[in-house]
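Dear colleague,

Please find the structure below, with its sequence.

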Amino acid sequence: MNYENILVQQENGIATITINRPKKLNALNRDTIQELHDAFEALDTDSDAKVIVLTGSGEKAFVAGADISEFAHFSVDEGGKLAAKGQELLFDFVQNLGTPVIAAVNGFALGGGLELAMAAHFRIASDNAKMGLPEVSLGVIPGYGGTQRLPQLVGKGKAMEMVMTAGMIGAEEAQQCGLVNHVTTQDELLPLAYKLASKIMRNSLVAIRGAIKAVNANYEAGVNGYETEITEFGNCFGTEDFKEGTTAFLEKRKADFPGK
Ligand code: COA
């Protein structure tokens, strides 16, 4: 597929999506959100793409937010639709993707940028990264799941402070409060993402798909996560991966998962 605002590369089972609007600090305009949706959807059904790494182009920004120039003149109705559509097309879509998504935060991750990183299954950051939800400084609240996912990751009090002050935190503080899992230099960021992706790929991707569903179920209103876990756990017993994983253990060899 041809994209104008993102780059998609695939190597050794790992797909890298790079948001590529460096002159606008990779701000998410409507077309970029649609392209990201299309790329994630295509990769999720591509058996050669086992793990997805999401990052921003350039040395300055992961994503500096939703594109403010696109919504500055919106009405109440248009604002609501913007939030709902983005949620459906990208942010909830990424969170619920069966293929693991690692966000490699390489600079500013603000507003929609941090919201996108938080929708990924986990995050790593370079030491120059700056993260925050500055929306109230624009007269709007964090959207795209920002008010929900930030407290899930950093706790309510810290999230309230970040949202109300509209301030940014650095990579080290982000690691301390659980927003990112690892911090490294800019040069080492993608190598670390690929190292983690390779570690993930050694396991059963079918089981991982079920595990993502079960973990996410804990955060879904009206869904009993324990019940989802029981269903997903049981489903594994019908997979080739389960047969291979348990057989390999009993035969004292490394499992070679067929991914089915
Ligand atoms: N939407 C649209 N354009 C954006 C943008 C956004 N969220 N963030 C940055 N840009 C654009 C700037 O308008 C500028 O474009 P121009 O060169 O055509 O004027 C370009 O990206 C570079 O940004 P600039 O502000 O000049 O860089 P800087 O290094 O001085 O500041 C930031 C960097 C991230 C602090 C600053 O760009 C910023 O505050 N961005 C908005 C952050 C935000 O509020 N995000 C939440 C949106 S919901």
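The radius of gyration used here is taken over C-alpha atoms, and the globule rule is 2.2 Å times the number of residues to the power 0.38. With 260 residues, a compact globule would have a radius near 18 Å by that rule, and the protein chain agrees because its value is 19 Å.

Please note that this is a predicted model, in which local features need pLDDT of at least 70 and side-chain atom pairs count only at pLDDT 80 or more, while totals for chains, interfaces and linings use all residues. Residues are numbered from 1 along each chain as its sequence is written, and side-chain values use heavy atoms, with hydrogens and water left out.

Along its principal axes, the C-alpha trace of the protein chain spans about 60 × 40 × 35 Å. The chain contains 11 helices and 10 strands (DSSP runs numbered from the N terminus: H or I of at least four residues for helices, E of at least two for strands). Of its 260 residues, 43% are buried, meaning under 20% relative accessible area with a 1.4 Å probe, protein chains only. Of the contacts (heavy atoms within 4.5 Å) between residues at least 6 apart in sequence, 68% join residues at least 24 apart.

One residue may be of interest to you. Arg21 is located in the loop between β2 (14-19) and α1 (30-44). Arg21 has a relative accessible area of 15% and therefore counts as buried. Leaving aside residues up to four places away in sequence, Arg21 touches Asn5, Asn26, Ala27, Asn29, Thr32, Ser57 and Asp67.

Yours sincerely

Note on methods. Buried < 20%, exposed > 50% of the residue type's maximum accessible area, 1.4 Å probe, protein only.
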